[in-house]
Amino acid sequence: MKTIQNGIINENPVFVLLLGLCSTLAITTRFENAYVMGICVTVVLIVSNFIISCIHKLIPTSVKTPVYIIIIATLVTILELLLQYYAKDIYDVFGIYLPLIVVNCIILGRALAVASKQNIWKSTLDGIGIGIGYTLALMAVATVREVLGNNTITFMDSLSTLTGYRSMYRVFPENNFIPMQFLVSPAGAFLVVGILMAIFNAIRRGGKHESN
Amino acid sequence: MNLISLFMMSFLTENIVLTKFLGICPFVGTSSKEKSAVGMGLAVTLVVTISAILTYLLYYYILVPTHTEYLKTLSFVLVVACMVQMMEMLIKKNNPKLYKNLGIYLPLITTNCAVLGILLLNISNGYSFLEMLVYSIGSSLGFTLVIYIFSTIRENLARRNIPYCFKGYPIALITASIMALLFARYVGI
């Protein structure tokens, strides 16, 4: 339990460790994309942490990184094929950001820092914690960007071909809210993540800021 | 598409860092010093250019004829990793001074999403060989330009008094946001 909590708060991959920012910034234009990407990364992270912690004793240290990258790339390719078959719409939305999960620093970073040192159970738990932390961070960023930038919130749209159910809501009444379209643009992504990170820092450190 | 406008597009208006968010980790992480930013940028340019040619040939002459396009992620990552390893050994042997300057950045390039991103974009945009070459060089030079500008700003920011919760990464990202706004205005050159 503590490992999971650690992944969400103290070592939140996006706001604290600053890993995997590419996808955080790129695909958080809609709430739906955020949680689907979050789930994809979480699955890859858990499985790769599990596999690597199983076999890390067999791998010579000098070829550690390439072997890990190949394991991760294989998992991502499997995921890519699955999404392409079952959820073509979301696959098209993600574009190159789906294969880029391979070089998402979170996964390799955790493989090197945790999975190659801890036992199987601990590193799997760590994968779950970091994955949830990443998903929550993506959802937070996407909520701000979609609600303020587009005045909608999309729970299910591209996935509707898979689930047969669509849900998309307008948040504020249309005639007294002008969406800030700037937030959906790339510049808005940087701004929202920057500000959320500052807020997260302020909350996490609480009153301890005097010490720095 | 006209090659010059393709170059300008990849260099400025559709800069990979500021519009496609590729290579953010080195952008925020290592670009706090001017010199290291330039070193990193040039190392990336070199790796991208060579591996773009290799992966292009690999994709169109091996993967497509054998109907194994789905292996592109895996094989491209391998090409990049090998390239980086080879460059590291070559530079170390032939030019120890350059190695000393670039050394620490070279292994980082493997996990730089800008590199893999450019290679994948070359394929998904369906470029011809020449366009691919121009696009790869333009984008990686764009990356160099942006991390250089950013590092000079960062050096300046380090001396300012910033509210504690904005210190470090948050203010860097907000700076990047303003830069992205400025770069988006280059449309039309």
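1. A polar contact is here a pair of N or O atoms within 3.5 Å; within protein, one of the two must be able to donate a hydrogen and the other to accept it, and residues adjacent in sequence count only if both atoms are side-chain atoms. Please keep in mind that this is a predicted model. On that definition, 3 residue pairs are in polar contact between chain A and chain B, both residues of each pair being at pLDDT 80 or more, while the count of salt bridges between chain A and chain B is 0.

2. As for the extent of the interface, 37 residues of chain A are in contact with 34 residues of chain B. Together chain A and chain B bury about 3200 Å², and 82% of that area lies on carbon and sulfur atoms. Of the area that chain A buries against chain B, 20% is supplied by Ile96(A), Val103(A) and Phe190(A), which is more than any other three residues supply.

3. Which helices of chain A each supply at least two residues of the side that touches chain B? They are α2 (21-27), α4 (64-86), α6 (105-115) and α9 (186-205), and the largest share, 13 residues, comes from α9(A). Sorted by class, this side of chain A has 28 nonpolar, 7 polar and 2 charged residues.

4. The largest nonpolar core has 119 residues, and those with the most contacts inside it are Ile24(B) and Phe27(B). The largest share of this core, 11 residues, is contributed by α3(B). Leaving aside residues up to four places away in sequence, Phe27(B) touches Val17(B), Leu18(B), Val146(B), Ile147(B), Phe150(B), Arg154(B) and Ala176(B).

5. Two backbone angles deserve a look, because most residues other than glycine have a negative phi. Phe21(B), in the loop between α1 (3-13) and α2 (24-29) of chain B, has a positive phi near 60°. His67(B), in the loop between α3 (34-63) and α4 (72-94) of chain B, likewise has a positive phi, near 55°.

6. Are these two residues, Phe21(B) and His67(B), buried or exposed? Phe21(B) has a relative accessibility of 5% and therefore counts as buried, the cut-off for that class being under 20%. His67(B), by contrast, has a relative accessible area of 62% and so is exposed, since that class begins over 50%.

Definitions and conventions. Residues are numbered from 1 along each chain as its sequence is written. Chains are lettered from A and ligands numbered from 1 in the order in which they are written. This is a predicted model: local features need pLDDT of at least 70, side-chain atom pairs count only at pLDDT 80 or more; totals for chains, interfaces and linings use all residues. Side-chain values use heavy atoms; hydrogens and water are left out. Helices (H or I, at least four residues) and strands (E, at least two) are DSSP runs, numbered from the N terminus. Buried means under 20% relative accessible area, exposed over 50%, partly exposed in between (1.4 Å probe, protein chains only). A nonpolar core is a set of buried Ala, Val, Leu, Ile, Met, Phe, Trp, Tyr and Cys residues joined through side-chain atoms within 4.5 Å. Contact means heavy atoms within 4.5 Å. Buried area is the accessible area (1.4 Å probe) that two parts lose on being put together, summed over both. A salt bridge is a side-chain nitrogen of Lys or Arg within 4 Å of a carboxyl oxygen of Asp or Glu. Ala, Val, Leu, Ile, Met, Phe, Trp, Tyr, Cys and Pro count as nonpolar, Asp, Glu, Lys and Arg as charged, and the others, Gly among them, as polar.
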